[in-house]
Amino acid sequence: MKYIYIAGPLSRGDVAKNVRNAMNVADQLIYYGYVPYLPHLSHFLHLVHPQEYETWLMIDLAWLDRCDALIRLSGLSEGADREVEYAVANEIPIFGCIEDLITKREIILP
């Protein structure tokens, strides 16, 4: 397991804080030898070249298809919840934090 998708809040609440939190997780993943995919960085592309919400989600799910696992950051997020649903449907392992990923303790979802 090497390529890890980071799912979590972006537009709900403080966007800058949400992006920074996700970037901190990405940095930790890099430290542990993983290759993170951080969809939160699309925020900066969106500032210059706005796209519809569904366009961003389509792009994110295409990247999620190529990842070995997903980490779901805490916080309310309809987009992250949809990404988790997609991961479940496609049998992509889901973890709640880096410690769970390292010890391979997957989130159990109904």
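**Exercise 1. Find which residues of α4 are exposed on the side away from its buried residues, and which are buried.**

Step 1. On the other side of α4, start with the exposed residues: Glu 78, Glu 85 and Ala 89. Exposed means over 50% relative accessible area, buried under 20%, and partly exposed in between, with a 1.4 Å probe and protein chains only. Please keep in mind that this is a predicted model, in which local features need pLDDT of at least 70, side-chain atom pairs count only at pLDDT 80 or more, and totals for chains, interfaces and linings use all residues. Residues are numbered from 1 along each chain as its sequence is written, and side-chain values use heavy atoms, leaving out hydrogens and water.

Step 2. Now list the buried residues of α4: Gly 79, Ala 80, Glu 83, Val 84 and Ala 87. They cover an arc of only 140° around the axis, so they sit on the same side of α4. The arc is taken from the directions from the helix axis to the C-beta atoms. An α-helix has 3.6 residues a turn, so residues three or four places apart point the same way.

Step 3. Look for the partners: the buried residues of α4 pack against β1, α3, β3 and β4. Contact here means heavy atoms within 4.5 Å. Helices (H or I, at least four residues) and strands (E, at least two) are DSSP runs, numbered from the N terminus.

**Exercise 2. Work out which residues of α3 are buried and what covers them.**

Step 1. In α3, the buried residues are Trp 56, Leu 57, Asp 60, Leu 61 and Leu 64. Seen down the axis of α3, they fall within an arc of 135°, so they line one face of the helix.

Step 2. Their cover includes β1, β2 (35–37), α2, β3 (69–72) and α4.

**Exercise 3. Describe the lining of the largest pocket.**

Step 1. A pocket is an open set of points on a 1 Å grid over the protein atoms alone, where a 1.4 Å probe fits, with protein on both sides within 12 Å along at least five of seven lines; lining residues have an atom within 4 Å of a point. The largest pocket has 25 lining residues, and Leu 10, Ser 11, Tyr 53, Asp 60 and Gly 79 lie nearest its centre.

Step 2. β1 (3–7), α2 (42–48), α3 (53–65) and α4 (78–89) each give two or more residues to this lining.

**Exercise 4. Where is Glu 91, and is Glu 91 buried or exposed?**

Step 1. Glu 91 is in the loop between α4 and β4 (94–95).

Step 2. Its relative accessibility is 73%, so Glu 91 counts as exposed. Glu 91 also has a positive phi of about 55°, although it is not a glycine.
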